[in-house]
Amino acid sequence: MKRVLCLYIPNLAIERRQTPQARPQMSGRPASSPSTGPGGSRSGAGPVVIAAPSSGGLRVERANAPALRCGVRVGQTVAEAAALARVLAVHEADADGDRV
């Protein structure tokens, strides 16, 4: 008998980048690591967004809870999101990598 399992993991794109095998951040965008806060302190809960190119520049596709608490919203430009979150880690969207 064939069985199928479907899971919805809303923050998979962000969570997989916080693993030790995480990919480097987007080039040209200064940001702290999502696992370290200002000064290199280990926080693990800093604002993190996944961004993709679109008309008008990079736009936020996903944001973790700390970023949302700072006022970051999906659809904003990365510049707008960076103005709201003092320390913001920006990662490039990778649709193929996020498929399991």
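Cys 6 is exposed, with a relative accessible area of 72%, where exposed denotes over 50%, buried under 20% and partly exposed the range in between, computed with a 1.4 Å probe and protein chains only. The structure is a predicted model, in which local features need pLDDT of at least 70 and side-chain atom pairs count only at pLDDT 80 or more, whereas totals for chains, interfaces and linings use all residues. Residues are numbered from 1 along each chain as its sequence is written, and side-chain values rest on heavy atoms, with hydrogens and water left out. Cys 70, at 32% relative accessibility, is partly exposed, and the structure holds zero disulfides, a disulfide being a pair of cysteine sulfur atoms within 2.5 Å.

The protein chain comprises four helices and three strands, assigned as DSSP runs (helices, H or I, at least four residues; strands, E, at least two) and numbered from the N terminus. From the N terminus on, these elements follow the order α-β-β-α-α-β-α. Of the 100 residues in the protein chain, 29% are buried.

With contact taken as heavy atoms within 4.5 Å, and residues up to four places away in sequence not counted, Ala 81 touches Val 60, Val 72, Gln 76 and Leu 88.

Thr 77 lies in the loop between helix H2 (65–69) and helix H3 (78–84) and is buried, at 14% relative accessibility. Under the same exclusion of residues up to four places away in sequence, Thr 77 touches Gly 56, Leu 58, Arg 59 and Val 60.

Leu 5, found in the segment before helix H1 (12–15), is exposed, with a relative accessible area of 71%. Together with Leu 7 and Ile 9, Leu 5 forms a nonpolar patch on the surface, with about 350 Å² of accessible area.

Definitions and conventions
Patches are made of residues with over 30% relative accessible area and no salt bridge: like charges are joined within 9 Å, nonpolar side chains (Val, Leu, Ile, Met, Phe, Trp, Tyr) within 5 Å. Accessible areas come from the Shrake-Rupley method with a 1.4 Å probe; for residues, only the protein chains shown count as cover. A salt bridge is a side-chain nitrogen of Lys or Arg within 4 Å of a carboxyl oxygen of Asp or Glu.
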